[in-house]
Number of protein chains: 2
Amino acid sequence: MAKLLTNRDDNYAQWYNDLVTKADLAENSVVRGCMVIKPYGYAIWEKMQAQLDKMFKATGHVNAYFPIFIPKSFLSKEAKHVEGFAKECAVVTHYRLKKDEKSDGVVIDPEAKLEEELIVRPTSETIIWNSYKNWIQSYRDLPILINQWANVVRWEMRTRLFLRTSEFLWQEGHTAHASREEAIQETEKMIDIYSDFAENYMALPVIKGYKSENERFAGAINTYSIEALMQDGKSLQAGTSHFLGQNFAKAFDVQFTDKNGKLDYVWATSWGVSTRMIGALIMAHSDNNGLILPPKLAPVQVVIIPISKNTQQASEISEVAVKIKDDLISKGISVRYDDRENNTPGWKFTNYEFKGVPVRLAIGPRDLQNKTVEIARRDTLAKETIPVQDVTTHVIKLLDDIQANIYNKALNFRNDNTWYINSWEEFTDIIENRGGFIMAHWDGTVETEEKIKQETKATISCIPIDSKEEEGKCIYSGKPSKRRVLFARSY
Amino acid sequence: MAKLLTNRDDNYAQWYNDLVTKADLAENSVVRGCMVIKPYGYAIWEKMQAQLDKMFKATGHVNAYFPIFIPKSFLSKEAKHVEGFAKECAVVTHYRLKKDEKSDGVVIDPEAKLEEELIVRPTSETIIWNSYKNWIQSYRDLPILINQWANVVRWEMRTRLFLRTSEFLWQEGHTAHASREEAIQETEKMIDIYSDFAENYMALPVIKGYKSENERFAGAINTYSIEALMQDGKSLQAGTSHFLGQNFAKAFDVQFTDKNGKLDYVWATSWGVSTRMIGALIMAHSDNNGLILPPKLAPVQVVIIPISKNTQQASEISEVAVKIKDDLISKGISVRYDDRENNTPGWKFTNYEFKGVPVRLAIGPRDLQNKTVEIARRDTLAKETIPVQDVTTHVIKLLDDIQANIYNKALNFRNDNTWYINSWEEFTDIIENRGGFIMAHWDGTVETEEKIKQETKATISCIPIDSKEEEGKCIYSGKPSKRRVLFARSY
């Protein structure tokens with residue numbers, strides 16, 4: 001199985017694609033650009049959802065559901081939004097099919113043409129703010145803190161499983177506030193939650209920052225993002241939180257009466273993460289033996305594999321294994337006991353390694369005799385033999401160790417591949433030959449940003465929040481700059 | 001608030017619509033036939049999902065996700081399926097918009113026409129069996145027990161919030177088996193789970209049965225359903241489970257090698273419940289004072305309302321209330337303590353009654369003095385005063401009582417409105433003047449079924465599984481019949 005995997009260092013893109021399909025995470029569907037998320041991949045998504053949903057609710061948000069269809073005219077109501085989203089999208093023009101006279105098939109019924117075309121939502125600001133209009137009259141109706149778990153469609157020309165697909169799953173928060181300050185606070189609170197989730201659950205160190213004007217969400221005043229470094233030296237945007245100002249309130253005429261009886265437009269935010277995070281998870285941690293999953297998001301945290309030579313042994317091992325399994329489950333750990341007879345222990349070892357199960361327990365005849373278990377960790381592939389009675393304590397500690405180790409490994413990799421660059425020569429050299437995060441001065445203009453992109457394919461991933469003030473000169477134009485920004489080639 | 005509700009006995013349809021919109025469960029969107037599920041309605045759906053998902057997983061099912069789009073030609077592959085589903089559906093014909101030369105808006109880019117139109121899934125058998133084709137070679141790959149939580153679209157002409165909308169949320173299970181027997185077992189297992197869920201969580205007594213040929217799912221060999229009686233005497237189908245035989249395997253050429261090396265087509269089932277269940281929940285239990293929600297699905301199970309005359313009292317009451325709240329929450333009960341100052345206690349009483357919160361606790365100055373709490377139950381509106389120290393025990397018991405009482409009330413209503421009828425005169429009289437479930441003999445022919453429908457608008461809800469063999473004569477044709485079937489007018 002592992003040998004079916006292209007070597008990561010030879011062809012990173014192919015390695016990734018092999019891994020996603022062969023580990024049964026997802027596959028391309030017959031519908032161009034749309035993926036099938038298979039049960040093992042979906043189980044990771046469910047773990048992500050459960051944790052994020054908990055964090056959203058703990059901060060006062062509630063879930064709701066808005067229609068998948070958006071009237072075409074809505075997209076044009078916010079001037080910048082239309083440029084960003086009303087291009088590559090799925091357009092519904094008819095609502096009925098009829099039997100084809102010439103074949104067994106069906107054809108569009110020309111009489112069932114919609115008066116106004118409907119767009120399959122690429123994002124829901126417009127349809128949601130059209131609803132908020134009726135929900136908000138006074139400051140008493142604010143804030144509205146709503147999140148939606150949904151599918152969205154953006155017709156992508158070049159797609160890649162999880163990272164860029166025409167249909168994907170996500171959550172989109174849409175909040176409405178009585179003041180600018182409160183909306184900005186919300187925007188920042190949500191990027192903090194995403195950052196917390198990435199670091200503490202995905203074991204993925206991220207840089208928090210805001211986007212340059214060029215890279216902002218279409219319709220936003222400010223876009224915050226979290227950026228993570230992948231093992232091929234490219235950057236991946238893993239989540240965004242937008243301060244929308246009063247743009248959508250104005251586009252949909254949503255006003256409220258404030259405490260002093262004055263009418264004003266409502267302040268807005270939106271924020272989202274998607275199944276793209278699964279792609280980030282894979283790209284950041286996995287190796288040539290297959291997936292490496294952080295224990296907190298692994299669908300199966302521990303697998304138990306029996307090794308027996310005869311039925312008598314099998315039954316004795318099973319007794320021990322089931323006891324261990326039940327004990328681990330009682331501690332909230334997800335365990336699979338794989339005693340299927342049609343696969344060898346060797347095949348199972350390779351298989352669960354490939355699937356990224358963090359901890360493997362093996363019990364053979366000698367273990368039976370010595371009352372021991374062999375315990376192996378996926379991240380380092382290290383093995384040791386421990387007494388049966390210590391298994392649960394040991395596993396609990398090991399899962400924490402693995403979670404921390406995966407994070408630290410990614411952090412060290414990022415530290416080793418973050419460059420503070422002061423000259424254009426170094427910049428182009430690093431981008432061409434090394435990759436990674438480049439912290440460099442920029443003169444703040446769109447022109448320079450675009451020229452750098454044209455010449456090197458590097459973009460500004462973000463302007464890090466904690467990038468401190470520092471006098472410097474733009475690496476491209478030589479003009480003065482007050483702080484370094486984060487450059488990288490990115491997904 | 002309650003007086004805004006149309007009287008249930010005067011106009012049941014209007015009462016239902018008032019309730020759904022004024023209790024903030026859902027509302028019609030600007031997109032024809034599509035609803036917005038508001039946070040309070042969505043919270044009920046989340047509770048339903050959580051419980052059903054647990055039940056599916058406990059029986060070996062896993063979740064996955066398949067594309068929302070189905071190539072048009074797929075719908076025609078199963079002969080009966082196409083007749084049922086390839087009619088009223090949303091058709092995507094283009095994948096790009098462009099700026100309108102004549103206005104600020106956007107128009108379809110004629111160059112971005114799809115080669116083959118895509119249908120927004122009305123149900124996913126076709127796209128899923130097209131994937132299963134690649135997943136199944138041998139009996140070792142079976143069974144596949146997959147469920148999907150998703151949105152679907154069926155272009156309905158006459159819509160009603162929750163009960164019939166163009167877009168709705170549901171789960172659809174799609175399983176693949178090596179034998180006919182196993183697939184039938186699965187079909188029955190799932191209708192049992194739905195029935196268990198309806199009775200024990202929704203507090204909704206249901207009749208389990210199978211559909212007449214006429215009412216079967218398009219493409220099924222047999223369709224099981226659960227049928228519930230609403231308070232207006234109409235029947236509502238709350239869930240279905242289909243034995244699909246080898247129909248879809250044949251349509252998509254999905255064959256497997258069995259244990260003896262013989263090639264055979266795979267056996268299939270599919271089963272689903274939707275946001276329609278929320279409609280059933282409301283229609284079955286609620287009254288002229290508003291919603292009545294079974295405690296097991298109520299987003300808020302207990303509300304605590306303080307009644308104070310001054311700040312000193314307010315703070316003393318708050319101390320007691322918060323203690324009670326924390327104690328209830330520690331027992332897994334969802335509690336809201338509503339100490340908002342901008343609404344009177346009276347307004348709150350009416351509001352939470354209207355929202356169907358099962359238990360209300362009120363604490364006033366006298367309660368403070370006597371160390372008591374007033375406890376009121378939503379189902380019967382009965383109130384009593386109990387010592388503070390007994391609150392938690394009392395609430396736990398009361399929630400169980402309410403759950404049981406709501407169920408029993410619905411069961412009694414159904415018993416009082418189920419008629420064993422032997423003549424056509426009685427049949428038409430009951431249907432016209434009383435409504436309810438009618439158990440009557442039927443000759444088993446489609447012709448009779450359709451004539452009865454034409455003359456009375458009553459259909460065969462199902463052929464109940466526990467309807468015992470009994471010699472009789474068809475109420476319409478007088479021809480011999482071996483068992484009674486369930487007739488009703490239905491949603």
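How many residues does the contact take from chain B and how many from chain A? It takes 52 residues from chain B and 52 residues from chain A. Here two residues are in contact if their C-beta atoms, placed from the backbone, lie within 7 Å.

This is a predicted model, in which local features need pLDDT of at least 70, side-chain atom pairs count only at pLDDT 80 or more, and totals for chains, interfaces and linings use all residues. Residues are numbered from 1 along each chain as its sequence is written, while chains are lettered from A and ligands numbered from 1 in the order in which they are written.

**View 1. The contact between chains A and B.** On the side of chain B that touches chain A, strand β5 (residues 91–94) of chain B gives the most, with 4 residues. Strands (E, at least two residues) and helices (H or I, at least four) are DSSP runs, numbered from the N terminus. That side of chain B holds 31 nonpolar, 11 polar and 10 charged residues. Nonpolar covers Ala, Val, Leu, Ile, Met, Phe, Trp, Tyr, Cys and Pro; charged covers Asp, Glu, Lys and Arg; the others, Gly among them, are polar. β5(B) pairs with strand β5 (residues 91–94) of chain A, antiparallel, over 3 bridges. Strands pair if DSSP finds at least two bridges between them. His94(A) has Val91(B) as its bridge partner.

**View 2. Strand β27 (residues 484–488) of chain A.** 5 of the 5 residues are buried, so the strand is largely enclosed by the rest of the structure. Buried means that 20 or more other C-beta atoms lie within 10 Å of the residue's own; exposed means 12 or fewer, and partly exposed is in between, with C-beta atoms placed from the backbone. In a regular strand, side chains alternate between the two faces of the sheet. Arg484(A), Leu486(A) and Ala488(A) point one way, Val485(A) and Phe487(A) the other. Strand β23 (residues 437–441) of chain A pairs with β27(A) in the antiparallel sense over 4 bridges. There, His441(A) partners Arg484(A). Strand β24 (residues 459–464) of chain A also runs antiparallel to β27(A), joined by 3 bridges. Ile460(A) has Phe487(A) as its bridge partner.

**View 3. Helix α13 (residues 424–433) of chain B.** Phe427(B), Ile430(B) and Ile431(B) are buried. Cover for the buried residues includes β22 (418–420), β23 (437–441) and α14 (446–456) of chain B. Gly435(B) follows α13(B), with a positive phi near 75°.
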